[in-house]
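Please examine the structure below together with its sequence.

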Amino acid sequence: MTKRDVLVMFPARPKTMAQLEAAYTLHRYDEAEDKPAFLAEYGPRCEAIVTNGHAALSRADLDHLPKVKIVCCSSAGFEFIDAEALKDRGIWLTNSSLALCDDVADTALMLALAARRQLVAAHDYVRSGDWGRKGMYPLLSSMKGKRVGIAGIGTIGQAIARRFEPLRVEIGYTARNARDLPWRYFGEVEALAEWADVLVAVVPGGAATERMFDRKVFAALGATGTFVNVARGSVVDEPALIEALSSGTLGSAGLDVFLDEPNPDPALTRLPNVTLYPHHASGTVETRDAMSQTVVDNLAALFAGQPLTSPVYDLPAPSGR
Ligand code: DGY
């Protein structure tokens, strides 16, 4: 039987690539030296794209991909993929939010606790012998009874809220509209920050959310507040964050993502009141395998005429063409 042609713009994990190779004829755009020439030659025969949100896919690229029915993205974020252009052409887009939401939620909780309980500095205090020389580490602030604001309450935001619930905190959130959820709704991120002690950013990246966490938001969160970012560096006005943390307008931050990755601004990374993580919230073997597997499963579902396992939006029912 002839295999369907699939364009690989960003490879999946090795185990997944082996499954894809067995089932499809893969065209390795990711490895091509002359990408425009490769797209012009192989694009017209491809029925699907395997990619990741860090690889760009534009409306113009789609002109070379007339047979594509689905774009399977092994990451949760897809801000460099023109989703509107895909939708306009009736092309499905799938992502991996469901597969990574637990690990990202764990990381948000870890960063919030580590920032507020000064885990890194306290670790150094023990290791350096300062504990013996200087005595008890300064008293810190308890999480119990505090207010945790979650900006963005999709799949991952809800998983984060559920991680915080057992800590006996109050939970609030922002979203376009109030949702049927047991937590307090805020229409604006600044109002959420004003109310919260801990503010977690988990909104999608892209033009609509660029620098939405700015000077006003950090001032509203305040000198005892903690900002946690597991979204994208682009959602933060980073100079404003540096200024707020340096001046003490904002208490602390736990950051998994940065404007400039993998070389974040040293003015940010050298601050004593930041806890840093290298964009690794989903960085476990289990989760990265599961994220990759969504690509295989969605492709198989589409070509079998079955419902997709993790579509980003709805289109008329898929048919196995
Ligand atoms: C995602 O899946 O979007 C994560 O940020 C890893 O890239």
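An axis is a line fitted to C-alpha atoms, for helices over the stretch in contact, and angles run from 0 to 180 degrees between N-to-C directions. Helices (H or I, at least four residues) and strands (E, at least two) are DSSP runs, numbered from the N terminus. The model is predicted, so local features need pLDDT of at least 70 and side-chain atom pairs count only at pLDDT 80 or more, whereas totals for chains, interfaces and linings use all residues. Residues are numbered from 1 along each chain as its sequence is written, and side-chain values use heavy atoms, with hydrogens and water left out.

**Helix packing**

Two packed helices are described by the angle between their axes and the distance between the axes.

| Helix pair | Angle between axes | Axis distance |
|---|---|---|
| α5 (residues 97-116) and α8 (residues 155-164) | about 45 degrees | 8 Å |
| α1 (residues 14-23) and α13 (residues 285-303) | about 15 degrees | 8 Å |
| α5 and α13 | roughly 160 degrees | within 8 Å |

Angles under 35 degrees count as roughly parallel, over 145 as roughly antiparallel, 65 to 115 as roughly perpendicular and the rest as oblique. A crossing is left-handed if the near helix is turned anticlockwise from the far one by less than a right angle, and right-handed if clockwise. Contact means heavy atoms within 4.5 Å. Ala, Val, Leu, Ile, Met, Phe, Trp, Tyr, Cys and Pro count as nonpolar, Asp, Glu, Lys and Arg as charged, and the others, Gly among them, as polar.

Given their angle, α5 and α8 are therefore oblique to each other. Their crossing is right-handed. Residues in this contact include L98, L100 and C101 of α5, together with I156, A159 and F164 of α8. By class, the contact of α5 with α8 comprises 12 nonpolar, 2 polar and 3 charged residues.

Helix α5 also packs against α13, and these two are therefore roughly antiparallel. Here the crossing is left-handed. From α5, A99, L100 and D103 meet T287, A290, M291 and T294 of α13. This contact of α5 with α13 holds 4 nonpolar, 2 polar and 1 charged residues.

Helices α1 and α13 are therefore roughly parallel, and they cross in a right-handed sense. On the α1 side stand K15, T16, Q19 and L20, which meet D289, S292, Q293, V295, V296 and L299 in α13. The residues of the contact between α1 and α13 are 4 nonpolar, 4 polar and 2 charged.

**The ligand**

Which residues lie around the ligand? They are H54, S75, A76, G77, L100, R232, H279 and M291, where a residue is near a molecule if one of its heavy atoms lies within 4 Å of it. An N or O atom in the side chain of H54 is 2.9 Å from an oxygen atom of the ligand. For R232, the corresponding distance from a side-chain N or O atom to a ligand oxygen is 2.7 Å. For H279, it is 2.7 Å.

**Backbone features**

Most residues other than glycine have a negative phi, and most peptide bonds are trans. The peptide bond from E261 to P262 is cis, with omega near 10 degrees. P262 belongs to the loop between β11 (252-255) and α12 (266-269). Q118, a residue other than glycine, has a positive phi near 50 degrees and is located in the loop between α5 and α6 (119-127).

Key. A polar contact is a pair of N or O atoms within 3.5 Å; within protein, one must be able to donate a hydrogen and the other to accept it, and residues adjacent in sequence count only if both atoms are side-chain atoms.
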